[in-house]
Amino acid sequence: MSMDNNETAIRIYLKQLFLSRGTNATDDYIEKLVVHTINRLEMASSTADPTCGGHLKELATIYAEDYHPYCAIVVCLLGIVTNCLNIIILTRKDMASAPINRILTSLACADVLLMIEYIPFTLYYKYESKEKVFPYVGAVYMLCHMHVTQILHAISICLTLTLAIWRFLAIKYIEKNHILCSHKRCTLAITTCYVLPLFLCVPQYVTLTVQAKNITEENIPYTLYVVGLPDLVGWDDKETQLKINFWLYGIFLKLLPCLILIVISIWLINTLFKAKKGRQVLKGYDNNLLVSEGKDKKHSKYERRADRTTKMLIAILFLFLLTELPQGLFALFIALNGKHLFLTCYQLYGEIMDICALLNGSINFILYCSMNRMFRITFGQVFKNKILGRWVQPTVSDTPTMIVGNNKTITTTV
């Protein structure tokens, strides 16, 4: 049956339904119901569309309904703890002296705020899906959640991009490092990363709205409030707005940062290989050249530390690309196809994209510990010594004494 025949059949059915109940309905109201019903039928038919993932779509649905709330809360709690540890370590005097550690600290702060905000949303989402309660206050909260998470996620993207550019400048222009990578420029970069996303997310502010849905169950009318796209009536005008939103989101917040990170990551990896090859060549001349042994060791230690830092940043950038690049391609695909794909596919994989972003922000602590020796040393000084100091009793040699008059001593216990 063609779409025109479907519309005619639905229109006739609705008119007969209203007449049988003795209810007067205007033609305009019936047309609204027809458009709404047709869109619902399109969504239902498209769920069986293999372009949405086939079996992967079924797994995504099962995960979203049965596992996502629990996984999200566990990952968020883990991420809050690990990122707080990152902040504590990176803000120590020795660590904070490096501007790049200040950027990592700002990134950890953004991830903590994102995870703190996501926990109450997860609890509310689970309650809402179970109780089928859609109050106006809940819809406003959901709308605020979407805007806040988008802004915080954009801040993380900007900081990750700044991190890559910062390392690129520090290695490429090493003679100008003290100028290009100064603390003043670092403060300006971090401030920009926190302010710019407020303007980059403007298209989303006007695309999503709180909508009232009137339904009737057992002859009792109900009004449900949900967050969605603007009213389906006059959709042709609104679909352009949706496409513009996803063009800006997919290009400027996803694909463009990913493209820059790919270029910088390739350059950093190439630089590491060149440095390693250069050190191997220099080793062959060590026995023939008379140079200062202390300077050689100091320079070699500095190079190894720089290489470890670069490797750690490459790992961070790789995880970021692994998470963000598929989302950017997905957003671009929606910008090309419009609201149909958004309603049927994008929302279907929303929970999968959320948990990937949360995991990406939770495991940086593991990268720091495994690839940054200075981070491990500072972590041991801050936590290990204090924790052990509470449990280990002082020995005789550790017990201080104080000399007083007449050669008498007083033993003090710490």
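Here is a short chat about a few residues in this predicted model.

Trainee: Hi! How many disulfides are in this predicted structure?

Mentor: Searching the whole structure turns up zero disulfides.

Trainee: Got it. Is Cys-84 buried, exposed or partly exposed?

Mentor: Cys-84 is partly exposed, as its relative accessible area is 32%.

Trainee: And what about Cys-258, buried or exposed?

Mentor: Cys-258 is buried, with a relative accessible area of 1%. The cut-off for buried is under 20%.

Trainee: Nice. New topic: where does Leu-196 lie?

Mentor: You'll find Leu-196 in helix α8, which covers residues 183–200. Leu-196 is partly exposed, at 38% relative accessibility.

Trainee: How far is the C-alpha atom of Leu-196 from that of Cys-158?

Mentor: Those two C-alpha atoms are 8.5 Å apart, while the residues are separated by 38 residues along the chain.

Trainee: Last one, Asn-101. Which helix is that in?

Mentor: Asn-101 sits in helix α5, residues 99–131. With 10% relative accessibility, Asn-101 counts as buried.

Trainee: Which residues is Asn-101 in contact with, leaving aside neighbours within four places in sequence?

Mentor: With those neighbours set aside, Asn-101 contacts Leu-90 and Met-95.

Notes:
Residues are numbered from 1 along each chain as its sequence is written. This is a predicted model: local features need pLDDT of at least 70, side-chain atom pairs count only at pLDDT 80 or more; totals for chains, interfaces and linings use all residues. Side-chain values use heavy atoms; hydrogens and water are left out. A disulfide is a pair of cysteine sulfur atoms within 2.5 Å. Buried means under 20% relative accessible area, exposed over 50%, partly exposed in between (1.4 Å probe, protein chains only). Helices (H or I, at least four residues) and strands (E, at least two) are DSSP runs, numbered from the N terminus. Contact means heavy atoms within 4.5 Å.
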